[in-house]
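Here is a short tour of the structure below. Have a look at it, and then we can go through a few places together.

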Amino acid sequence: MVGDKARGEMNAFQRNESKETLFTFISAGDDPPKGDFPVQKKSPKLCGSNYPLSIAFIVVNEFCERFSYYGMRGMWPCLGRDLCIAGLLYTPAWCSGVVLYVVTVVFQSKLVFWDAGTIMADSWLGKYKTIIYLSIVYVVGHLIKSVGAIPSLGNQVVHVVLSMVGLFLIALGTGGIKPCVSAFGGDQFEEEHTSERSKFFSVFYLSINAGSLISTFVTPVLRGDVKCFGEDCYALAFGVPAALMVLALVVFIAGSGLYRKMPPQGNVLLEVCKCIGFAIKNRLKNRSHHIPKRDHWLDWASEKYSKQLIGEVKMVTRVLFLFIPLPMFWALFDQQGSRWTLQATKMNADFGIYVLQPDQMQFLNPLLILVFIPIFDLGLYPLISMCKFNFTPIKKMATGMILAGMAFGLAAIVEVKINETDMPQLVPKESLIQVLNLAKNPVQVTIEDQDLFQQPVEAFQDPAEYSNLILNGEQQNLHFILQHQGLSLTFNYTVKEKSVYSLIVFEAEGSLSSRLITDLKAKPENGLAAVRFINGLSQDANLTIDSKQFVAVPKNYGVSEYLLLERDKYSNGKCITEMGEFTLDLGLLDFGASYTVVVTNVSGDAVKTWKSEDIKANSVHMAWQLPQYLLISAGEVMFSITGLAFSYSQSPASMKSVLQAGWLLTVAVGNTFVLVVAQAAPMAQWAEFVLFTVLLFAVCIIFSIMGYFYVSVDPEDLREKEEKTETPSRGNMISLVTQKTKL
């Protein structure tokens, strides 16, 4: 009986001992973990699989957060543009300069916040609490930004201050949680479930693009189709992303009881920096030939730091060194929302059943990502494995870089074709001119010292193209000789270099007259159509194009200013004169075209018009961008998802957030590189595309060579090896920290 009781007490002791370790091994200089972090807690599984239920909350949280972020980011340029037009942001120069600079600085400051989030997670709060606290900051930033979008609230200073404060808090929130969320998701898997963890990163990336895709469509509709305060409802367009961020926070907290929460490992980033600094300092102090060499330069830190820490730092530095070429991929990828969108503004976006806006082409990337991820994971990669080809993460990433380079090569070809429809590039001592004959008979036009217009210009003849005027200086007074029905008339006009003109010829008071007017030098921006009016009536005319556009045109061939209109058919316009109100049909005003519309006479209840297309409409269809989007999206799946999983798998448990921050650092550096190149070496757009293509191919070769010599390791295997070989020494002592244990 006594023996059985003793054995029972001993078994109870052993059971308690197995659940709660008596001693924890702490490397010299490390602090013991603080707080309650149930590391060994296992989450229930999804449908009997090896996927923990907790990742469902993390994936939904990421979807809502990315919807929130991309919805807000897409609205900011539109809000800035409209505030500039309304005069709420001082002057257009202030808008284009200071606002762009501040926004760029705020969003690039995420680079600093990534490190801040990593330090908070690894040394103080742990990933779980870091995500919650910074998500609250994130929500507050959204709310401030939404309030700042209310036009009736305060003056221009209030709008600017609220917008900048909101953007700063959003950058702090998204930058701080970004390296923690993906690493926290990876922590939910046991070490033996590496295959499931790898697929989790694919699902995680899929949720990012799903949020981006939906927000790309929803938030512009909320902004443009819903009206509040008498104009576009920016407050609602910013408020919905704020609500999604609140939902993201609620969903994340709801899964609290299911998470595996790794304890903070101390100030890991600081320890890494100290270890590297001590190794360098110690090596420089011991440069004598009599001192034996060591296998690795970081081994010079062994007098102060444990072998385990040194081994982990070696792993991190090896991967970070491999990351050096990677920003070039992001330098290209980032241009989808800038250079490629600008390219789309110069293309024909009419798909028959639907007309795309230039910035809506960006939805192709997240849409293709949603399609490619299951195709690659369930089809392409298994097929490659069946072919006995070792498609390592390094090879996948190199392939992704090649695909992105090919995408920019196609973008360069498309840009060259677009340039063929552009206005000719103006050079010094040169201008362009065309003749619009609004008289009833042909007119022969002769310009002194110019060999132009060999044939008479027919009445209402649509000019085929502009003709070049060669000047003898910055400006020149030219003599125009008009021959009409046996009469010859001379007109003198001053022409400036690098300008575009139309000479309109018309009959006034029984005689021939003319007027030299200035035309647009380039296509209208953002795919808009430009139109101006010439009033051939003997009465002033007030023209209504649609419910928002009105223009007054003086009588007797008076000329209006240009109006910029969305591409559409304008058939329900009105022309109001002293004689009454008449209908005005302009027909189709196409993408990127410039028109001159001449009101000739009144017939019944309508006015007759003649329309000249001065600048040709965009002729290259936007569908030609589809191949480049296909290539860069496929490249993103191979490069980004693989790199995200690779950076997690190659990092020790204590430094996963550090290496995730290093991965995100490559994104920020790539985005900054684009700004530097654009400002330092302005060049033709097609040439810039070619430059980035060549640079990425060169970097891909360098990365492939570096990857050839890189040997993947398992952090857990390395840790076990270090623990077996590590022996106590004076400079590297293992401390025993006792813990209270139930008996």
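Which helix gives the most to the nonpolar patch? Helix 16 does, with 3 residues.

## About the model

This is a predicted model, in which local features need pLDDT of at least 70 and side-chain atom pairs count only at pLDDT 80 or more, while totals for chains, interfaces and linings use all residues. Residues are numbered from 1 along each chain as its sequence is written, and side-chain values use heavy atoms, leaving out hydrogens and water.

## The whole chain

The chain has 17 helices and 22 strands (DSSP runs numbered from the N terminus: H or I of at least four residues for helices, E of at least two for strands). Of its 743 residues, 49% are buried (under 20% relative accessible area; exposed is over 50%, partly exposed in between, with a 1.4 Å probe and protein chains only).

Helix 16 covers residues 685-708. Its 24 residues should span 34 Å at 1.5 Å a residue, and the end C-alpha atoms are 35 Å apart, which agrees (the expected span is 1.5 Å times one less than the number of residues). Its buried residues include Phe689, Phe692 and Leu696.

Val416, Trp686, Val690 and Val694 make a nonpolar surface patch of about 330 Å². Val416 lies in helix 13 (residues 393-419) and counts as partly exposed because its relative accessibility is 36%.

## Ser306

Ser306 sits in the loop between helix 8 (268-285) and helix 9 (307-322). At 1% relative accessibility, Ser306 counts as buried.

Note on methods:
Patches are made of residues with over 30% relative accessible area and no salt bridge: like charges are joined within 9 Å, nonpolar side chains (Val, Leu, Ile, Met, Phe, Trp, Tyr) within 5 Å. Accessible areas come from the Shrake-Rupley method with a 1.4 Å probe; for residues, only the protein chains shown count as cover. A salt bridge is a side-chain nitrogen of Lys or Arg within 4 Å of a carboxyl oxygen of Asp or Glu.
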